[in-house]
Amino acid sequence: MASPATTTPRVDWKIIWAQRGFRFFFLAMFVSLFGSGMNFVGVSWYILAATHSTVKVSLQVIVVTLPGLLVPFLGGVLIDRLDRRYLGMLLDLARGIAVLFTAYIAWHGHLQLWHLYAMTLITGMGSAMYWATVNALVQEVIPKSQFTGANAAVLVGVQSGMLVAGAFVGFLYDSIGIGGILAIDGATYFVSAFCLYQVRRGYVSPREHLRYPREYSENTEATAEALESGGNPEVAEAGLSLAMYADLKEGFAYLKQQPLVRALGITHATVMAGVVSANVVLVALANDILHAGARGLGFLEAGWATGAILGGFITSQLPGRLRMALYVAAVAVLAVGHMATPFVAFLVGAVLLQFIFGFCRALGGIVAQSSLMSLVPRHFMGRTQSAMAILGTVIQLIMSFALGIVAERAGIIAGYALLALLYAGATLFAMKARQLQSSPEPMQAMESQM
């Protein structure tokens with residue numbers, strides 16, 4: 001039997017969009033990322049305009065990323081224990097309240113940098129768990145045969161939201177200011193929570209799926225039975241805290257046995273860390289090299305998102321045999337392209353490069369996520385996604401701090417060179433994932449799960 005990573009069913013958009021729950025899920029992602037994109041771009045621009053310091057911009061990226069070091073440890077366990085729909089709604093509502101409160105402060109003219117950093121910390125805490133939650137939720141609202149198309153559709157929704165948000169901030173920032181940007185962002189969280197509420201009815205625990213043999217392999221079943229048997233009576237009797245510790249231990253044991261999952265996860269986490277931390281130098285590129293102001297930044301963001309949307313549609317139609325090869329190529333293009341970016345000193349060329357970057361990120365993200373959804377049992381997906389989030393957070397924190405220092409002291413060219421080096425490392429792991437995917441071991445492992 002061929003591995004899902006190599007033989008992928010044809011994407012049928014009718015099947016995907018026929019799912020009422022997925023339609024609401026798609027809308028939630030679009031609305032949520034529209035607000036988040038406005039927040040991230042608007043706050044970054046506000047900080048740079050107020051301080052003229054890439055270090056201060058990098059501090060914002062660090063603050064939004066920092067919770068990802070700790071929250072996913074608890075988050076991964078909660079995602080695999082609680083209804084993912086309700087968990088996503090709670091995270092949306094908490095972030096919406098924090099953002100609206102900051103908008104209120106800005107409206108009254110009392111906004112200071114520490115207010116923005118505090119808001120960013122709160123939204124970062126929510127985001128550290130939110131994306132692992134919704135990525136795991138996709139498995140529950142779409143047929144398994146359509147994971148690739150579902151991931152493509154989600155990415156299109158996410159990037160469509162960011163496309164509109166980037167253009168909105170760039171063109172209207174001077175008119176509505178940071179207070180207006182934050183007010184719209186805060187409202188979108190409540191709309192997103194409502195859409196998640198409409199995804200389905202009733203309470204659904206991820207652990208209900210453990211009763212189906214095809215959802216897990218003999219190895220993972222043996223691990224779970226050992227944790228629940230008399231071999232570990234202290235775990236069974238110690239209460240929730242030790243049960244959660246057991247879940248963490250079980251999750252690490254699963255990842256230790258899955259080299260292909262690890263290679264895909266490391267590559268994806270590295271690429272995502274590069275995408276987010278690149279915002280540190282992107283605002284400086286628009287301001288210092290392109291001299292295009294907030295409007296130019298809006299064009300750059302729109303170029304990136306447009307490429308990602310197109311990449312999402314094209315990737316969903318690619319034959320399975322080509323996807324891993326193109327995955328490696330896409331990450332390699334990110335490495336080469338970021339090395340060249342600071343030398344393209346005109347807006348149209350810079351937007352074209354951002355378009356290419358968005359396309360490559362979409363291709364890589366869809367291939368990685370759909371492969372992981374096919375490889376990882378449902379009751380391990382939350383912990384797997386959270387492990388990737390923790391790794392991505394570590395890389396993102398290091399890169400954000402380093403980019404702020406390097407760009408301010410050595411120049412933007414050096415900053416982009418550092419980003420190119422990061423993507424070069426991700427390319428090596430992508431090549432490793434392709435090699436493992438072609439070997440018989442992953443195929444045998446998948447057959448044991450079927």
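Analyst: A definition comes first: axes are lines fitted to C-alpha atoms, for helices over the stretch in contact, and angles run from 0 to 180 degrees between N-to-C directions. Helices (H or I, at least four residues) are DSSP runs, numbered from the N terminus. This is a predicted model, in which local features need pLDDT of at least 70 and side-chain atom pairs count only at pLDDT 80 or more, while totals for chains, interfaces and linings use all residues. Residues are numbered from 1 along each chain as its sequence is written, and side-chain values use heavy atoms, with hydrogens and water left out.

User: At what angle do α12 and α17 pack?

Analyst: Helix α12 (residues 279–289) packs against helix α17 (residues 412–438) at about 150°, and their axes are 11 Å apart. The two are therefore roughly antiparallel, a term for angles over 145 degrees. The crossing of α12 past α17 is left-handed, meaning that the near helix is turned anticlockwise from the far one by less than a right angle.

User: Which residues of α12 and α17 meet?

Analyst: From α12, V281, L282, A284, L285, D288 and I289 meet I412, G415, Y416 and L419 of α17; contact means heavy atoms within 4.5 Å. By class, this contact has eight nonpolar residues, one polar and one charged. Ala, Val, Leu, Ile, Met, Phe, Trp, Tyr, Cys and Pro count as nonpolar, Asp, Glu, Lys and Arg as charged, and the others, Gly among them, as polar.

User: And how do α14 and α17 cross?

Analyst: Helix α14 (residues 320–340) and α17 cross at roughly 170°, and their axes come within 7 Å. These helices are therefore roughly antiparallel as well. Their contact has 19 nonpolar, three polar and one charged residues.

User: What about α13 with α15?

Analyst: Helix α13 (residues 293–316) and helix α15 (residues 347–375) cross at roughly 35°, with axes that come within 6 Å. The crossing is right-handed, so the near helix is turned clockwise. Sorted by class, the contact has 16 nonpolar, nine polar and one charged residues.

User: Changing topic, which ring has the charged end of R85 over it?

Analyst: The ring of Y86 does, with the charged end of R85 4.4 Å from its centre. A charge sits over a ring if NZ of Lys or CZ of Arg is within 6 Å of the ring centre and within 35 degrees of the ring normal. R95 lies over the face of Y130, 4.3 Å from the ring centre.

User: Lastly, where does F40 lie?

Analyst: F40 is in helix α2 (residues 20–51). Leaving aside neighbours within four places in sequence, F40 contacts Q60, V61, V64, V276 and N279.

How values were computed:
Parallel < 35°, antiparallel > 145°, perpendicular 65-115°, else oblique.
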